[in-house]
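Here is a short briefing on one protein chain. Points are grouped by topic.

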Amino acid sequence: AFGTTLAAPAAAGGWAPALRRCRAQRVGITSRAAASSSGRGATEGEEEEPSDEKRFGFGRRDALIASATACLSTGQGPEGWTAARASTELDAIALGDDGIPDYTVPGPYGVRRLPKLEHTCISCFPRCVGDACLVQIDAYVPSAPPPLPDTMFPLLGEDGAPLRPVAGPTRGALSEVSRGPYPLAVFTSGFLVDSEATASYCRRLCSWGYVVLGYNKRDGVGVAGGNALDDVVSAQMVDDLIGWARTDVLLAPLVRDGGAMDTADKTDDDIVTAPAKGGVYLLGHSRGGKISMLQACGDERVRAACLLDPVDNTVYAPLGEGFPSAVAKMRNTKDGGPPLLVVGGKYGGDCAPKGSNYLSFLEQSNPKSWGVEVRAGHFQFLDSATLVQRAVCEENPGVADAQVREVSQALMVAHAETVFRGVPREAALRRTMKTLEQSWGDGAFDRVNAQVAPGQKSPELPWVLLRDGISSA
């Protein structure tokens, strides 16, 4: 077993309180929630706003745009997100001896979740028509922490040169947090899985400085003439979302319009290198992993992808028109497509059968890809699985779902940082795996390395590193 569940550090406060405050101050719209807001930040796995305030009572989109733009443009942070709190959060992200941050904890950014948006996939026509082309989007945008006084008014040495803060590298790094634009990430859930079931992944990635889109499409029986949306249409929706995010009035200023070859001038307030800020990170679970790869192969905007227990064609979704094989497309794509992180569940069972599961994706993946096998079932990656999902798919009762998510999310962030921000791949993987072994391994790695008595079975590891993207590169 992984051992006892560790409490996840508090993530940044929700976007809703900041919106209510800016709405009251800048737009003059009164809200009962603005008066009763407590300023308590949301934690990992909690909803950012109450369910009865999903729409905030706006009658026109213009009012929403005005208030949201005021918040985003002025750098107004979420409730309770102060310089002191930012310092505390950054202190938790301890740098190792190799200078690699601890990716097992939330990052230095606040997380704002925008009100649910809707978009119609025009490019999907005529393969889908009417409401079948409608996509409901949950957008998560990072909020850079305010600079500390020591950063705004640095101490000068005898030679007149600024002295770096002596409180540690994390405090000094506060001034190095980018104010944007940021890389774009799109998370595609599995078949009939709501985007809320993977919201913690979106929040965690956003806290490290990524604009993340989770979405729901009208996929299921009774839609589009009784047919489920096929994989070709689903991949086209991802393509359409990438283009939409770069033109949307709220997201366009935060998302860099460029790909792997993108360049831009470097400014004093924008120290992250320009090539590291362009491009797209695709993520997906189950069928969503397959759809992400169908889009990633051949799309130069996509620089990396993260696949959580991906599933290719099976007896339930056989190869046919509209349902091509993502593994076959990887085989026919140069280098197998962009570098991947593949995290597979050992106990996928019939939901992720051998021959169509993560091992097939990893076999055809880019040589620089990472592969990890976790002792978990197919739906143990989700924030919350339904009773039907748990009944249909095999699980490992010896592993807590929360710990499966924490392992997957830490690797997800580490992988993204190596691609988009130039963090050394070998050092990032080594530091992250070492931290996970110490935190969630429950001593299993020490026991398996110890001498085993004759006839005694060696303990099963909580996870196994299948590929490090280094020795095979």
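The model is predicted. Val-186 also belongs to the residues with the most contacts inside the largest nonpolar core.

**Val-186 and the nonpolar cores**
- The largest nonpolar core has 50 residues.
- Besides Val-186, the residues with the most contacts inside this core are Leu-184, Leu-213, Leu-251, Leu-282 and Met-293.
- Helix H8, residues 231-245, supplies the largest share of this core, with eight residues.
- A second core is separate and has 45 residues.
- Tyr-210, Tyr-281, Leu-308 and Trp-440 are included in this second core.

**Asp-239 in helix H8**
- Asp-239 lies in helix H8.
- Its relative accessibility is 24%, so Asp-239 counts as partly exposed; the buried class stops at under 20%, and the exposed class starts at over 50%.
- Asp-239 touches Gln-295, Asp-299 and Arg-301, again leaving out residues up to four places away in sequence.
- Cys-121 is 118 residues from Asp-239 in sequence.
- In space, the C-alpha atoms of Asp-239 and Cys-121 are 9.3 Å apart.

**Helices H7 and H13**
- H7 covers residues 199-206, and H13 covers residues 401-420.
- The axes of H7 and H13 come within 10 Å.
- They cross at roughly 40°, and H7 and H13 are therefore oblique to each other.
- The crossing of H7 and H13 is right-handed.
- On the H7 side, the contact uses Ser-200, Tyr-201, Arg-204 and Leu-205.
- On the H13 side, it uses Arg-405, Glu-406, Ser-408, Gln-409, Met-412, Val-413 and Ala-416.
- By class, this contact has five nonpolar, three polar and three charged residues.

**The chain as a whole**
- The chain has 473 residues, and 55% of them are buried.
- Its secondary structure comes to 15 helices and 10 strands.
- Take the contacts between residues at least 6 apart in sequence: 78% of them join residues at least 24 apart.

Note on methods: Residues are numbered from 1 along each chain as its sequence is written. This is a predicted model: local features need pLDDT of at least 70, side-chain atom pairs count only at pLDDT 80 or more; totals for chains, interfaces and linings use all residues. Side-chain values use heavy atoms; hydrogens and water are left out. Axes are lines fitted to C-alpha atoms, for helices over the stretch in contact, and angles run from 0 to 180 degrees between N-to-C directions. Helices (H or I, at least four residues) and strands (E, at least two) are DSSP runs, numbered from the N terminus. Angles under 35 degrees count as roughly parallel, over 145 as roughly antiparallel, 65 to 115 as roughly perpendicular and the rest as oblique. A crossing is left-handed if the near helix is turned anticlockwise from the far one by less than a right angle, and right-handed if clockwise. Contact means heavy atoms within 4.5 Å. Ala, Val, Leu, Ile, Met, Phe, Trp, Tyr, Cys and Pro count as nonpolar, Asp, Glu, Lys and Arg as charged, and the others, Gly among them, as polar. A nonpolar core is a set of buried Ala, Val, Leu, Ile, Met, Phe, Trp, Tyr and Cys residues joined through side-chain atoms within 4.5 Å. Buried means under 20% relative accessible area, exposed over 50%, partly exposed in between (1.4 Å probe, protein chains only).
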